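Please read this briefing alongside the sequence and the 3D view. It is meant for a reader who is new to protein structure.

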Amino acid sequence: MKQSTKKLVLLSLLAAVALVLSYIESVLPPLYPAIPGIKMGLANIIILVCLYIFTVKEALILSLVRIFVSALLFGNAMSVIYSLAGAILSLAVMAILKKTNWFSAVGVSVSGAVFHNLGQVLIAIAVLENIQIGYYMIILCATGTTAGILTGIVGGLLTKYLNKAIKGR
Amino acid sequence: MKRLIRNDAILIAVIAVVTVVFALVYFGMQKDGGNAHVIKNGKEIAVYSLNENMTVPITDENNTNVLVIENGKAYISYADCPDKICVNHRPVSKTGETIVCLPAKLVVEIGE
């Protein structure tokens, strides 16, 4: 198969899996409804895998496709701006940290999760014109780190096996 | 790989320590609140004492939320937005605690 066709197929598959994960997460009850914003971030597994298999460019496209299609299919338009802020900030940080080679996929994923939360809290502060709600970040740092460790482990393993399957190495 | 995992551990430990320090300082400084400030679109529109039990609807042309003050705690009992995040939020009573309804651009903030 031509290299570009292979890549297109793979990216489409990753996008489909990310969408399914987003959907599953949106229909599951929130992990802890008493404090909003606590999530597993399952779709980030796929973004992480994409960042490792391809480059930040493909990961960004995948991320944007996931956000817009999931907003269209099962979300509301309101949440798009929050998702975008979180996703772009998180991906930027993950791409930079991956490049430095300081951390494994787990460290990269943890940073991504924390900055995803930070992006969303910053947008909420801006939209609501209220700085007080920044205190959510204390709680979201703890839960985001935990979620980031788990998605990082899964994403790291997936990258390893997918790389073997795709490139034979 | 070993070095990377060691760095991961350092990163996670640093985040954990910073979070715990912030949490201790922030939640340590919290006191029992006296008033619930209702902030809509960044402007304070009403203040209610937490000592009086009451049920107040907060409406604008697009959204309705119902604020309930009961036994010194404030919570949102009803919202017409789809996500119900504010309704599920636990009751707040300490200074600085907030309940946020993003679709209605509503913040209920506890003050002294």
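The points below take up a sheet, a set of salt bridges and a helix, in that order.

This is a predicted model, in which local features need pLDDT of at least 70 and side-chain atom pairs count only at pLDDT 80 or more, while totals for chains, interfaces and linings use all residues. Residues are numbered from 1 along each chain as its sequence is written, chains are lettered from A and ligands numbered from 1 in the order in which they are written, and side-chain values use heavy atoms, with hydrogens and water left out.

**The sheet in chain B**

- Helices (H or I, at least four residues) and strands (E, at least two) are DSSP runs numbered from the N terminus, and two strands pair if DSSP finds at least two bridges between them.
- In chain B, three strands form an open sheet in the order β3-β4-β5, and their pairing is antiparallel.
- The edges of this sheet are β3 and β5 of chain B, each of which pairs on one side only.
- Neighbouring strands of the sheet are turned by 25 degrees against each other on average, direction ignored, where the axes are lines fitted to C-alpha atoms (for helices over the stretch in contact) and angles run from 0 to 180 degrees between N-to-C directions.
- Six bridges connect β3(B) with β4(B) in the antiparallel sense, and within this pair I58(B) stands opposite N65(B) of β4(B).
- Strand β4 (residues 64-70) of chain B is also joined by six bridges to strand β5 (residues 73-79) of chain B, again running antiparallel, and here V68(B) faces Y75(B) in β5(B).
- β4(B) and β5(B) make a hairpin with two residues between them, and in the turn N71(B) has a positive phi of about 50 degrees.

**Salt bridges**

- Residues are called buried under 20% relative accessible area, exposed over 50% and partly exposed in between (1.4 Å probe, protein chains only); K31(B), at 46%, is partly exposed, while E112(B), at 66%, is exposed.
- Another joins K94(B) and D32(B), with the closest N and O atoms 3.0 Å apart; K94(B) is in the loop between α2 (85-88) and β6 (98-101) of chain B and D32(B) in the loop between α1 and β1 of chain B, so the pair ties together parts 62 residues apart in sequence.
- In that pair, K94(B) is partly exposed at 32% relative accessibility, whereas D32(B) is exposed at 60%.
- K40(B) and D60(B) also meet through their side chains in a salt bridge (3.3 Å, N to O), and since K40(B) belongs to strand β1 of chain B and D60(B) to the loop between β3 (54-59) and β4 of chain B, the pair ties together parts 20 residues apart in sequence.
- K40(B) is buried at 6% relative accessibility, while D60(B), with a relative accessible area of 27%, is partly exposed.

**A helix in chain A**

- Helix α2 (residues 43-53) of chain A is largely enclosed by the rest of the structure, because 10 of its 11 residues are buried.
- The buried residues of α2(A) include I45(A), L48(A), C50(A) and I53(A).
- Among the elements that cover the buried residues of α2(A) are α1 (3-27), α3 (56-74), α4 (78-100), α5 (105-128) and α6 (136-167) of chain A, with contact meaning heavy atoms within 4.5 Å.

Key
Salt bridge = Lys/Arg side-chain N within 4 Å of Asp/Glu carboxyl O.
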